[in-house]
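Open the model in your viewer and keep the sequence panel beside it. This tour goes from the whole chain to single residues, one selection at a time.

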Amino acid sequence: MASRAGALAWRAERQFLGETRAASALEVVTRLQAVPAWLGDADLAVRLRLAADEPGESGALAQAVAAGEVVKVYAHRGSTQYLTPAGAAAALTVRAAGRQWARTSWVEFYGVQADAWPALREEVRAAVAPGALTRAELAAAISASARFGHVGHAFVDSRDTFLKPFMWQGDLRFGPDRDGDATLASFDGVPGWTGVAELDDAGPAVIEGYLAAYGPATEANLAYWLGDGLSAGRKRIASWLSALRASGRVVELHVDGTPAFALDADADAIESASGSPALCLVPGYDQWVLGPGTADPHVIAPERRALATRGAALVLEGGRVRGIWRRAGSDVEVSWFAEHAPPAREALERAARGRVAGADAEVRLTEAVPR
């Protein structure tokens with residue numbers, strides 16, 4: 001049987017938050033499966049996981065995006081994330097499984113029958129084939145269509161509701177910003193992009209990738225990451241998990257008595273792992289918390305969940321959220337939860353200065369945060 005402390009220490013190593021660090025932004029995004037792009041600090045989330053620990057080592061994620069090693073799309077849970085092209089091929093396939101565009105409410109609201117979507121998708125792909133377009137430019141192009149002009153306006157909806165399925169089906173991705181406006185681009189020419197996958201291939205692959213970074217995980221963890229928000233659905237996820245268990249690639253472990261799943265290749269390492277009291281500062285909306293979900297009590301206590309959902313930057317001790325932090329100019333202020341013994345000053349300063357702030361930054365431990 002594995003211990004929770006040991007399992008979290010193993011997970012921290014897998015997510016490059018322990019002794020092991022990644023060599024590149026590509027390696028970080030590959031391992032995490034996705035890095036949130038809509039909020040938080042994606043650059044810091046990647047940078048703190050790199051082998052080079054100087055705060056000035058910025059731009060690694062931007063460089064990976066510019067090189068086509070990483071793409072930005074609407075993916076898990078309907079939000080924007082950075083994924084690798086190969087990761088996107090599988091994740092988008094799973095995300096599209098719910099066929100949101102075929103729902104009666106969509107057909108009635110937008111006036112596009114489900115069987116007309118292939119033709120609409122073709123027009124969208126043709127519009128961006130010459131180069132990236134802003135939302136307004138894409139809207140104008142579709143508005144000029146004899147068949148689909150009536151939905152051109154939907155591409156400038158600030159919620160991007162109508163736009164998302166085109167990303168889920170591999171027709172669009174976000175391109176480079178132009179004069180402060182986001183652009184939409186084709187996947188054509190992106191290195192490593194092979195198109196969306198077959199659903200029954202993509203589903204198990206995404207589960208295996210998830211367990212490699214976030215295991216040991218429960219079915220609730222998998223349902224949160226892959227099933228919520230009109231995505232794959234719990235029945236599909238359960239069937240893929242069952243097939244992986246039957247093949248022996250995934251096994252059930254007991255973590256402090258709680259059933260959870262892990263890759264067979266990782267099971268021995270998880271069960272033999274020891275806990276670590278290591279401290280780490282992560283930005284708001286970091287995958288450490290979003291991957292298993294803010295409702296996972298093993299990572300953050302339920303009474304503290306609101307802090308994570310509001311995007312507070314978090315302090316981890318042994319993989320568990322123990323406080324919050326913020327920048328104060330060039331310094332760092334840490335507020336420790338009142339129910340836990342405060343950290344060692346030296347360890348806190350090392351965690352803050354090594355990855356978040358400069359070597360000369362002052363690290364202040366402020367009054368404990370009450371419940």
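Helices (H or I, at least four residues) and strands (E, at least two) are DSSP runs, numbered from the N terminus. By that count the protein has 16 helices and 13 strands. The radius of gyration, taken over C-alpha atoms, is set against a globule rule of 2.2 Å times the number of residues to the power 0.38. The protein comes out at 22 Å, close to the 21 Å that the rule gives for 371 residues, so it is as compact as a globular protein of that length.

Two notes before you click. Residues are numbered from 1 along each chain as its sequence is written, and side-chain values use heavy atoms, with hydrogens and water left out. This is a predicted model: local features need pLDDT of at least 70, side-chain atom pairs count only at pLDDT 80 or more, and totals for chains, interfaces and linings use all residues.

**Stop 1: the whole chain**

Show the C-alpha trace. Along its principal axes it spans about 70 × 50 × 35 Å. Now color by burial: buried means under 20% relative accessible area, exposed over 50%, and partly exposed in between (1.4 Å probe, protein chains only). Buried residues make up 53% of the 371 residues.

Accessible areas come from the Shrake-Rupley method with a 1.4 Å probe; for residues, only the protein chains shown count as cover. The protein exposes about 15,900 Å², and carbon and sulfur atoms supply 50% of that area.

Next, contacts, meaning heavy atoms within 4.5 Å. Among contacts between residues at least 6 apart in sequence, 63% join residues at least 24 apart.

**Stop 2: helix α16**

Select residues 345-355, which form α16. Which residues of this helix are buried? They are L348, A351, A352 and R355. The arc is that of the directions from the helix axis to the C-beta atoms. These residues cover an arc of only 105 degrees, which puts them on the same side of α16. The face turned away from that buried side carries the exposed residues E346 and R350.

Now show what lies against the buried residues. They pack against α3 (42-47), β9 (279-282), β12 (331-337) and β13 (363-369).

Stay on α16 and pick R345. R345 is partly exposed, with a relative accessible area of 40%. Not counting residues up to four places away in sequence, R345 touches V363, R364 and L365.

**Stop 3: helix α13**

Select residues 264-272. In α13, D266, A267 and I270 are buried. They cover an arc of only 125 degrees around the axis, which puts them on the same side of α13. Turn to the other side, where A265, D268 and S272 are exposed. What covers the buried residues? The cover includes α1 (4-14), α10, β7 (250-255) and β8 (258-263).

**Stop 4: V29 in helix α2**

Go to residues 25-32, helix α2, and pick V29. Is V29 buried or exposed? V29 is buried, with a relative accessible area of 0%. Leaving aside neighbors within four places in sequence, V29 is in contact with A34, V35, L61, V70, Y82, L83 and T84.

**Stop 5**

Start in the loop between α10 (199-214) and α11 (219-227), which holds P216. The peptide bond from G215 to P216 is cis, with omega near -10 degrees.

Move to D160, in the loop between α8 (135-143) and α9 (164-168). Phi of D160 is near 60 degrees, a positive value in a residue other than glycine. At 2% relative accessibility, D160 counts as buried.

Then find Y285, in the loop between β9 and α14 (287-290). Phi of Y285 is near 60 degrees, again positive in a residue other than glycine. Y285 is buried, with a relative accessible area of 18%.

**Stop 6**

Finish at P130, in the loop between α7 (117-128) and β4 (133-134). P130 is exposed, with a relative accessible area of 74%. Draw a C-alpha to C-alpha line from P130 to W336: they are 53 Å apart in space and 206 residues apart in sequence.
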